[in-house]
Amino acid sequence: MDNTEEIWRLVDARKDAFEGLSDRIWGMPELQYAEKRSVAEHIKELEREGFRITRELAGIPTAVMGEAGEGGPVIAILGEYDALPGLSQEAGVAEHRPLPGAGAGHGCGHNLLGSASLLAAAALKDWLARNKVKGRVRYYGCPAEEGGAAKAFMVRSGAFADVDIAITWHPSAFCEVADAVSLANTRVDFSFTGRASHAAAAPHLGRSALDAVELMNVGVNYMREHMPSDARIHYALLDAGGIAPNVVQATAKVRYLIRARELPELTRLIARVKKIAEGAALMTETKVDAKVISGVSNLLGNAPLEQAMFECWERLGPPAFDETDRAFARKIQGTLSDEDIATAYRRVGVPKGGAPLCDAVVPMGAKRTPMVGSTDVGDVSWMVPTVQAHCSTYAIGTPGHSWQLTAQGKTPAAKKGMVHVAKIMAATGVQALTDTTLIPRAKADLAARTKDHPYVCPIPEDIGPPLDMAAD
Ligand SMILES: [Zn+2]
């Protein structure tokens with residue numbers, strides 16, 4: 001049933017190798033920009049498949065690009081393979097059982113993400129060769145999605161400059177064309193410098209950088225009432241100026257993570273937060289220095305590509321899960337709250353059902369409650385018409401970034417979803433290569449969306465990828 005089309009047979013023909021790749025990546029969870037073994041595994045598969053390989057893409061040691069085919073349009077399929085800290089978990093059990101060791105785990109399913117994308121690219125490569133079609137397919141191995149904004153740096157370096165369309169996916173509880181809603185965000189470090197002095201003997205000589213940070217936080221708290229309700233501002237203290245209360249703190253540093261629905265709104269919020277920082281410095285007679293650490297843009301949708309991908313979903317349907325798959329998913333649901341499960345249904349806008357695994361494709365017009373996270377796919381979507389699938393690989397209600405998600409990363413259901421979505425992505429690629437109007441329509445759609453606000457990289461030119469950054 002799944003293999004009425006040549007492209008789907010080409011996916012199935014090599015699925016064992018890529019299920020193996022996904023399991024190996026699951027077993028070597030590596031944090032952002034440290035995905036050395038994971039990228040080596042992806043490079044091995046690219047070599048085996050005969051792709052032309054560009055290592056260390058955009059100067060990032062754990063980024064890679066593989067290309068196949070000649071001439072014609074360039075179809076990019078994006079993959080990820082970074083893990084998360086603190087989400088180590090034994091596979092295939094429905095209780096919290098961290099594995100001994102460093103503690104990282106694939107709590108966002110990126111082991112499946114990269115493997116399915118590479119599988120789709122490999123199938124599309126063979127389809128191009130067998131049908132003697134002019135066109136190129138590229139697999140982009142993108143590191144550091146979890147807070148490292150690698151794709152934004154890759155876009156800035158020109159890695160996507162000649163790409164015609166980009167296709168990607170994310171593991172999910174549901175089958176759908178992803179709604180292009182995510183927040184733009186940026187991380188800015190504010191470093192205050194004052195003057196140390198004896199806090200009792202000479203308080204009048206001290207100027208406290210810690211006071212400045214506190215006043216800045218208060219100022220931003222007041223601002224929260226007067227900003228768009230879908231914007232978000234979070235902060236973390238990086239340096240409180242030391243542990244001695246009897247020394248006036250001469251330095252202090254706070255990291256702000258600012259999110260907004262769209263890039264122009266983000267730019268306005270950053271300017272307001274900076275003014276508050278300057279106000280705090282003025283009040284305390286300290287100096288402040290603001291440094292942008294990273295940033296990602298909001299996702300832009302693309303109606304023609306979304307329609308094309310949805311037609312692939314209509315032809316292929318949802319993955320065929322069996323009773324064993326559902327039994328384990330039900331066990332996982334037993335560890336979740338009713339609210340977890342209800343929230344998952346609300347997010348995709350379908351009425352709550354009883355099945356623990358999604359067995360239908362969510363309609364295009366469903367009334368979704370948009371997600372309020374961020375993804376660095378956003379930056380690609382401003383440069384290249386981009387479409388993203390979600391495919392069910394885990395129990396409905398499983399929270400993102402949870403041990404339950406790590407536990408489901410190697411299940412037969414996860415692998416069914418992974419192979420299935422590779423078919424959706426590859427078929428969308430075939431659509432773009434056979435319907436000569438699709439790419440021009442996709443490009444016109446992107447041009448209309450960016451007409452008033454052309455893409456501006458949210459990361460200043462002098463800031464490079466934070467290769468040594470801890471995950472967040
Ligand atoms: Zn993710």
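This is a predicted model: local features need pLDDT of at least 70, side-chain atom pairs count only at pLDDT 80 or more; totals for chains, interfaces and linings use all residues.

Biologist: What makes Cys108, His110 and His170 donors of the zinc ion?

Modeller: A donor here is an N, O or S atom within 2.8 Å of the metal. The SG of Cys108 and the NE2 atoms of His110 and His170 are at 2.1 to 2.3 Å, so they meet that cut-off. Water is not among the atoms, so the site may look incomplete.

Biologist: How are those donors spaced in sequence?

Modeller: The pattern is C-x1-H-x59-H. His110 belongs to helix H4 (residues 110-130) and His170 to strand S5 (residues 165-172), so this pair ties together parts that are 60 residues apart in sequence.

Biologist: Why is His170 called buried?

Modeller: Buried means under 20% relative accessible area. His170 has 17% relative accessibility, so the word applies. His110, at 1%, is buried as well.

Biologist: Now the open sheet of four strands. What makes S8 and S10 edge strands?

Modeller: The order is S8-S9-S7-S10, with antiparallel pairing. Strands S8 (232-239) and S10 (287-296) each have a single partner strand, so one side of each has no neighbour in the sheet.

Biologist: How do you know that S8 and S9 are paired?

Modeller: Pairing needs at least two bridges. Seven bridges join S8 to S9 (residues 251-260), so the two count as paired. Ala236 stands opposite Arg255 in S9.

Biologist: Which helices pack on the sheet?

Modeller: Helix H6 (residues 209-223) touches S7, S8 and S9, and its direction makes about 20° with that of S9. Helix H7 (residues 263-284) touches S7, S8, S9 and S10, with about 15° between its direction and that of S7.

Biologist: What span would you expect for helix H13 (residues 412-434)?

Modeller: At 1.5 Å a residue, the expected value is 33 Å, and H13, with 23 residues, reaches 33 Å from its first C-alpha to its last. Helix H13 is also mostly covered, as 20 of its 23 residues are buried.

Biologist: Which residues have the most contacts inside the largest nonpolar core?

Modeller: They are Ile7, Leu124, Trp169 and Phe174, in a core of 73 residues. Leaving aside neighbours within four places in sequence, Leu124 is in contact with residues including Ile7, Ile75, Val137 and Leu433. Apart from that core lies another, of 59 residues, among them Ile60 and Phe192.

Note on methods. Residues are numbered from 1 along each chain as its sequence is written. Side-chain values use heavy atoms; hydrogens and water are left out. Donors are N, O and S atoms within 2.8 Å of the metal (3.2 Å for Na, K and Ca); water is not among the atoms, so sites may look incomplete. Buried means under 20% relative accessible area, exposed over 50%, partly exposed in between (1.4 Å probe, protein chains only). Contact means heavy atoms within 4.5 Å. Axes are lines fitted to C-alpha atoms, for helices over the stretch in contact, and angles run from 0 to 180 degrees between N-to-C directions. The expected span of a helix is 1.5 Å times one less than its number of residues. A nonpolar core is a set of buried Ala, Val, Leu, Ile, Met, Phe, Trp, Tyr and Cys residues joined through side-chain atoms within 4.5 Å.
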